[in-house]
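Subject: Structure handover

Hello,

Here is the structure for your files. My notes come after it.

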Amino acid sequence: MSDTNEPYLQIRGVTKMFGDFTALKDVSLEIFEGEFVCFLGPSGCGKTTLLRAIAGLDIQTSGSVEQGGKDISNLPPSERDFGIVFQSYALFPNLSISRNVGYGLENRKAPKAEINARVSELLELVGMPEQGEKYPAQLSGGQQQRVALARALATKPGLLLLDEPLSALDAKVRVHLRHEIKQLQHKLGVTTIMVTHDQEEALTMADRIVVMNEGSIDQVGTPLEIYRRPTSPFVADFVGTMNFLKATVTTSDSIRIGDADIGLESALDDMATGSSVTVCIRPEDVIVRDIESETDNIIDTVVVDLEFLGSFYRAMLKLNDQKGSILLADFSINLVRDIGIEEGKSIQVCLPARRLRIFSDSEGEP
């Protein structure tokens, strides 16, 4: 990424209306040169609409878009500096792979020798140096997506836009290709925006993730920040698996879940004693109590279900409270075997203070 403090792409107050429907609501965002940014969210959240506004494919109703210090808000796509890869590949079936890759350069009337050199360079880059004379129908889905990526990069754009580029591929190819795309982006240093609804893709590929919901940005942060420190119940629920437990504030730095007092790492701001809150904790952060040590934040539970997930077990734990709340916990295979965790067994678990996220009930349900 660039060391400059000036954003390469600046989106200011972008709103997009389709008739009476507001697809984007006053969205502002800064993206820096060389970043790999993922727009993440459920279907209909506005992530593709925002990408299309950046590309000029759907001009915003209001607000502005700047790229490299230039206002591109009302420019047609042909006058913007980007390459784009769609979910459907959108390759020309009647053109060879080499002609597909060089299409943008042909349109710019680049010299034939320059086109041939650039096409060879890109096919080598995406691991397909011998495929130039084939046609799209002769390639696998993963190969077609590599060709689409090479075509998008042919004109050396300042911005690479990826619209759910891996969603049409099977799981193994998807995992392999996301690693390839990230390596390629890092090697070229091209500023990249990828739209995805797949949280795993975003977590493994992005420098920063933009989580969107109902036309607005809920949170922007690194994958670790989004996963560990979600700032809303929606983000906590959408990214990864999360437990949501009801609790009551007892002091400025403690809460009560059922009959268990739970200490917090930092004081609760603007949450009065006696008010209802929601506690969030990841299943992998739930710890079985070590009887020999003094451990805070202990809760009595009963194992009601144990699901084998290959590298670990996911336990469904019933809390000893009036509502019979359920807590999911991920335990290693060795732990389950060594201490004999099984359905019907009573166990004490610890909820580490540093792993708890607290939301007031006024912040809404996930």
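This is a predicted model: local features need pLDDT of at least 70, side-chain atom pairs count only at pLDDT 80 or more; totals for chains, interfaces and linings use all residues.

Numbering starts from 1 along each chain as its sequence is written, and side-chain values use heavy atoms, with hydrogens and water left out.

Aromatic pairs: rings of Phe, Tyr and Trp (its six-membered ring) pair if their centres lie within 6.5 Å; planes under 30 degrees apart count as stacked, over 60 as edge-to-face, the rest as tilted. The count is three. Phe234 and Phe238 are stacked, because their ring centres are 5.7 Å apart and their planes at 15°. Both lie in helix α9 (residues 233–238), four residues apart, about one turn of the helix. Helices here are DSSP runs of H or I, at least four residues, and strands are runs of E, at least two, numbered from the N terminus. Phe234 and Phe238 are both buried (under 20% relative accessible area; exposed is over 50%, partly exposed in between; 1.4 Å probe, protein chains only). Phe308 and Tyr313 have ring centres 5.3 Å apart and planes at 50°, so that pair is tilted.

Charges over rings (NZ of Lys or CZ of Arg within 6 Å of the ring centre and within 35 degrees of the ring normal): Lys16 has its charged end over the ring of Phe18, 5.0 Å from the centre. Arg282 does this with Tyr227, at 3.9 Å.

Separately, Met316 is in strand β17 (residues 312–319). Met316 is partly exposed, because its relative accessible area is 32%.

Best wishes
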